[in-house]
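The sequence and structure come first.

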Amino acid sequence: MITLYKNAAQVVSINTNGINFKKKSTMNELDVHENCSVVVENKIIKDIVSLDSLPKKFDRSIDLNGKVLLPGLIDCHTHTAYAGSRASEFREKIAGVDYEDIARRGGGINATVSAVRQSSHDDLLHLIQSRINYFIQQGVTTLEIKSGYGLSFYDEIKLLQVISQLNSQNVIDIVATFLGAHTF
């Protein structure tokens with residue numbers, strides 16, 4: 001299937017200069033194509049073309065109405081699968097309270113672990129989905145999510161099952177990482 005994404009004001013991509021990978025400061029070398037369209041064949045970008053050289057044959061066309069087309073973002077390190085809030089602890093840390101003192105009172109990661117253990121699968125699904133929605137709004141198309149706030153066999157499995165279900169019901173790719181020894 002050939003899809004034409006037409007009428008983009010700009011298409012931003014990484015200038016590869018003929019190299020198949022980029023790293024460090026070379027990632028700053030952008031190509032900005034103006035007033036163009038993108039040809040996608042079987043989910044693979046095949047070409048960026050000017051508006052006056054559009055392909056004659058395509059299966060579907062999506063009008064971008066002068067919008068900017070950017071590569072999707074990848075967030076490869078998140079701790080999104082948790083319950084509870086530690087906002088009050090943040091205020092304490094700013095005020096100079098030592099993290100170990102907070103943890104001794106049951107705060108820190110212990111508070112998050114307790115909240116996860118008390119949460120049902122559906123509760124976690126709802127909490128984490130709202131965070132995923134925010135990532136999507138920011139342009140993230142691939143999201144890594146760690147477990148690690150269950151710290152028991154049952155609760156780590158529960159988190160991994162929630163992450164797996166969220167992957168299957170979202171438009172972005174979600175990759176789970178088991179972090180069973182987050183702390184001990």
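## Order of elements

From the N terminus, the elements of the protein chain follow the order β-β-β-β-β-β-α-α-α-α-β-α-β. In this predicted model, the secondary structure amounts to 5 helices and 8 strands.

## Overall shape and surface

The protein chain is more spread out than a compact globule, because its radius of gyration is 22 Å, well over the 16 Å that the globule rule gives for 184 residues. The C-alpha trace spans about 65 × 35 × 30 Å along its principal axes.

Of the 184 residues in the protein chain, 29% are buried. The accessible surface is about 11700 Å², and carbon and sulfur atoms account for 55% of that surface. Among contacts between residues at least 6 apart in sequence, 68% join residues at least 24 apart.

## Salt bridges

The model contains 6 salt bridges. One of them joins Glu-144 and Lys-146, with the closest N and O atoms 2.8 Å apart. Both Glu-144 and Lys-146 are buried.

Another salt bridge is formed by Arg-86 and Glu-89, where the closest N and O atoms are 3.2 Å apart. Glu-89 has a relative accessibility of 8%, under the 20% limit, and therefore counts as buried. Arg-86 has a relative accessible area of 28%, which lies between the limits of 20% and 50%, so Arg-86 is partly exposed.

## A link between helices H3 and H5

Arg-117 and Asp-155 also form a salt bridge, and their closest N and O atoms are 3.7 Å apart. This pair connects distant parts of the chain: Arg-117 belongs to helix H3 (residues 109-118) and Asp-155 to helix H5 (residues 153-169), 38 residues apart.

Are the two partners buried or exposed, or does each fall in another class? Asp-155 counts as buried because its relative accessibility is 6%. Arg-117 is partly exposed, with a relative accessible area of 41%.

## The aromatic pair and its neighbour

How many aromatic pairs does a search of the whole structure find? The search finds 1. The pair consists of Tyr-82 and Tyr-149, whose ring centres are 6.2 Å apart. Their planes meet at 65°, over the 60 degrees required, so the pair counts as edge-to-face.

This pair, too, links distant parts of the chain, with the two residues 67 apart. Tyr-82 lies in the loop between strand S6 (73-75) and helix H1 (87-94). Tyr-149 lies in the loop between strand S7 (140-146) and H5. Tyr-149 is buried, with a relative accessible area of 9%, whereas Tyr-82 counts as partly exposed at 26% relative accessibility.

Tyr-82 has a charged neighbour as well. The charged end of Arg-131 sits over the ring of Tyr-82, 3.6 Å from the ring centre.

Methods
Residues are numbered from 1 along each chain as its sequence is written. This is a predicted model: local features need pLDDT of at least 70, side-chain atom pairs count only at pLDDT 80 or more; totals for chains, interfaces and linings use all residues. Side-chain values use heavy atoms; hydrogens and water are left out. A salt bridge is a side-chain nitrogen of Lys or Arg within 4 Å of a carboxyl oxygen of Asp or Glu. Buried means under 20% relative accessible area, exposed over 50%, partly exposed in between (1.4 Å probe, protein chains only). Helices (H or I, at least four residues) and strands (E, at least two) are DSSP runs, numbered from the N terminus. Rings of Phe, Tyr and Trp (its six-membered ring) pair if their centres lie within 6.5 Å; planes under 30 degrees apart count as stacked, over 60 as edge-to-face and the rest as tilted. A charge sits over a ring if NZ of Lys or CZ of Arg is within 6 Å of the ring centre and within 35 degrees of the ring normal. The radius of gyration is taken over C-alpha atoms; the globule rule is 2.2 Å times the number of residues to the power 0.38. Contact means heavy atoms within 4.5 Å. Accessible areas come from the Shrake-Rupley method with a 1.4 Å probe; for residues, only the protein chains shown count as cover.
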